[in-house]
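Q: Could you walk me through this one while I have it open on the screen?

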Amino acid sequence: LVTSILYPEEALPFMLAATGQTIVAVVVGIALAALLTQVILRRIRIGDVEIGNDLPFVLIAGPCQIESAAHAMEIAAALKEMTARAGVGLIFKASYDKANRTSLTGARGVGMAAGLAALADIRAKLGVPVLTDVHGEDQCAPAAEAVDVIQIPAFLSRQTDLLLAAGRTKAAVNVKKGQFL
C-alpha cells in the first residue's frame, strides 16, 4: 500500500493509527513481561524447603538406591547435618527400585513397600523432604503418600500417562530431562 500525502492535515489519521498501535504493543509487552517475571520467579515450597530461581541453592542428594532402611537413614542424617552447616536446603533422594539397570543381575533396591516405608520414616524422623522416582502409573499414588517429590526418570519423561498420574497426586513432580528432548 503506497499513500501520497500532500497536506499535513491528511497525515493525522495515519499518525493516530500508528500511535494507537504503538500504545497497544507497549501495553501488551508490559503485561507479557509481568507474566513472564511471575513464571520465572515462581517459587515452590516442599516441606520446609523453598525452591526458586531467585533463591539459594537446594541440594537433592542421596544414594542411588536404598540398600537398607538403616543405611538410607544414616546417609540422610549425614546429609542433613552437612547441608545445615553449609546453610543449604536439602531434599533427600533415594530410589526403592532402579528399573533402568544395564544388567538383569544388577542390584535394584529394596522394593516399593520397604523403600517407601524407609523414605516415610526419614521424612518423619529427620524432618527433611524426600524424593523418589516412579516407573509406572500404579506407583504414583502410593509414592505420594510417603514422599514429598515424585521424580520421573529421564527415560520415562515422554510417557504422558505416567506424567498425568504423577500430577494427579498433588505431590511436587520433578521430571528429569532426557538427552533426547
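This is a predicted model: local features need pLDDT of at least 70, side-chain atom pairs count only at pLDDT 80 or more; totals for chains, interfaces and linings use all residues.

Q: Let's go to the largest pocket. How much space lies in there?
A: The largest pocket holds about 220 Å³ of space.

Q: Which residues line the largest pocket?
A: The lining is made up of Arg42, Ile44, Ile46, Ile51, Val58, Ile60, Ile91, Leu131, Val149, Ala172, Val173 and Asn174. Two or more of the lining residues come from each of strand 1 (43-46), strand 3 (58-61) and strand 7 (172-175).

Q: Which element gives the largest share of that lining?
A: That is strand 7, which contributes three residues to the lining of the largest pocket.

Q: How does the lining of the largest pocket split by class?
A: The lining has 10 nonpolar residues, together with one polar and one charged residue.

Q: Switching to salt bridges, how many does the structure hold?
A: There are seven salt bridges in the structure, and one of them joins glutamate 81 to arginine 85, with the closest N and O atoms 2.8 Å apart.

Q: Where do glutamate 81 and arginine 85 lie?
A: Both residues belong to helix 2, where they are four residues apart, or about one turn of the helix. Arginine 85 counts as exposed because its relative accessibility is 62%, above the 50% cut-off.

Q: What about aspartate 97, which residue does its side chain meet in a salt bridge?
A: The side chain of aspartate 97 meets that of arginine 108, at 2.8 Å from N to O. Both partners are placed in the loop between strand 4 (89-93) and helix 3 (112-126), and they are 11 residues apart.

Q: Is aspartate 97 buried or exposed?
A: Aspartate 97 is buried, because its relative accessible area of 17% falls under the 20% limit.

Q: Which residue pairs with arginine 123 in a salt bridge?
A: Arginine 123 pairs with aspartate 148, and the N to O distance between their side chains is 3.3 Å.

Q: Now the surface: which residues make the nonpolar patch?
A: Leu32, Leu35 and Leu36 make a nonpolar surface patch of about 280 Å². Leucine 32 lies in helix 1, which covers residues 8-40, and is partly exposed with a relative accessible area of 46%.

Q: Back to backbone geometry, what is phi of lysine 170 near?
A: Phi of lysine 170 is near 75 degrees, which is a positive value in a residue other than glycine. Lysine 170 is found in the loop between helix 5 (160-168) and strand 7, and at 74% relative accessibility it counts as exposed.

Q: How far apart are the C-alpha atoms of lysine 170 and alanine 141?
A: Those C-alpha atoms are separated by 9.4 Å, and the two residues are 29 residues apart along the chain.

Q: Last one, where is alanine 78 found?
A: Alanine 78 is found in helix 2 (residues 69-86), and it counts as partly exposed at 34% relative accessibility. Its C-alpha atom is separated by 10.0 Å from that of glycine 62, which is 16 residues away along the chain.

Key:
Residues are numbered from 1 along each chain as its sequence is written. Side-chain values use heavy atoms; hydrogens and water are left out. Patches are made of residues with over 30% relative accessible area and no salt bridge: like charges are joined within 9 Å, nonpolar side chains (Val, Leu, Ile, Met, Phe, Trp, Tyr) within 5 Å. Accessible areas come from the Shrake-Rupley method with a 1.4 Å probe; for residues, only the protein chains shown count as cover. A salt bridge is a side-chain nitrogen of Lys or Arg within 4 Å of a carboxyl oxygen of Asp or Glu. Buried means under 20% relative accessible area, exposed over 50%, partly exposed in between (1.4 Å probe, protein chains only). On a 1 Å grid over the protein atoms alone, a cavity is a set of points where a 1.4 Å probe fits but cannot get out, and a pocket is an open set with protein on both sides within 12 Å along at least five of seven lines; lining residues have an atom within 4 Å of a point. Grid points are joined across faces, edges and corners, and a volume is the space filled by probe spheres set on the points. Ala, Val, Leu, Ile, Met, Phe, Trp, Tyr, Cys and Pro count as nonpolar, Asp, Glu, Lys and Arg as charged, and the others, Gly among them, as polar.
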